[in-house]
Amino acid sequence: NERPISRAKIARITEMSPTSVGRIVSELIATGVVKETSLSSSGVGRKAVYLDIDAKSILNIGVYLNKDFCNLGIIDFDGNILAFRNYNINVKNFTPDEVINKIGEYINDLKTQEGINTSNIVGVGMGFPGIVDYKKGVIVLSAQLGWKNVSVADKIYKMTGLKTTIDNSLKLHALAETMYGSAVGSNITSFVNIGAGVGSALVINGNIYRGSNNIAGEVGHITVNPNGMFCECGKRGCLQTYMAEGALIKEVSKFREINSIEDIFIANRNKENWALEILDTAATYIAMTVNNVLAMYNPDTIILNGDLIDEHEEMKKLIELKLENSCWEPFRGTFKLVYSMLKRNGVLIGAAAF
């Protein structure tokens, strides 16, 4: 967090002796993880010698699997993507084992990337939608993938020889934003994603808040109307039935046929009443979600993410306008509302960082 930094400052922060700091630093330099650098000095004399991480000395492979694609990347210590691959794959056309075997092949292929010292790759991080037991490396339940109790980490390790971790994709994206993205410096970050479903994640002082079973943050399944529409989870009136992309398209079908969310925004720009009403309602529920997250966690930063928001500036403005009216007065001015900086690369970067 303090890089670049001098040996003397490390000694002051850690309250260790300069001799101990010097010995440890020498070992880290010998392994290639730390390097000496210099900063310009306005004074007379030699430039001060500082220490920094050699970002390319520690590489990881990040993997993000969703229902119709698999993205992979080689990520360095600074969160930079040095190599990227995208594969289109309809997961439901294959068994879980077949998909995992494909991912193992993709990883081994990526390890041969030219121009990168792939011997510095130390592990694989993988992100999946759904409920994940990150300690056991098992996907407990993923409605998007149609998987239940699928062991992943051990199989990837056996295929690649690389230590493998897996986690929920939203939690990993949230972690990446706090380390490299729009929430750097935040102590309590709440990440809210609106896409095929609605989910959230909380990062407190750099640590993912998980709950007792790593299921914390499923705000999309908060009941807002016990007599409302059926949700994919089997309950009625879940929040995501009012603002997820599929729910909006279903609502539009009452008025006309559309092919995508983009069609709603085109109609909105043409001032068609049905589109104005649907987006106004969605923005109302998103603002309500932000207010609920504020009331539950009192974060200093809230990140909104998802194609519905990222790709449409008018939606951002509408949500911010709604939030002015729905935000409880004690919370006004206590938090920053920001948008994902890493966007679709966030899961890859977070998985590698984790």
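Trainee: Which side chain meets that of Asp-76 in a salt bridge?

Mentor: This is a predicted model, where local features need pLDDT of at least 70, side-chain atom pairs count only at pLDDT 80 or more, and totals for chains, interfaces and linings use all residues. Residues are numbered from 1 along each chain as its sequence is written, and side-chain values use heavy atoms, with hydrogens and water left out. A salt bridge puts a side-chain nitrogen of Lys or Arg within 4 Å of a carboxyl oxygen of Asp or Glu. Here the N to O distance is 3.9 Å, and the partner of Asp-76 is Lys-56.

Trainee: Is Asp-76 buried or exposed?

Mentor: Buried means under 20% relative accessible area, exposed over 50%, and partly exposed in between (1.4 Å probe, protein chains only). Lys-56, at 48%, counts as partly exposed. Asp-76 has a relative accessible area of 5%, so Asp-76 is buried.

Trainee: How many disulfides does the structure hold?

Mentor: A disulfide is a pair of cysteine sulfur atoms within 2.5 Å. For Cys-238, the nearest cysteine sulfur is that of Cys-233, 3.7 Å away, and Cys-238 is in no disulfide. The number of disulfides in the structure is zero.
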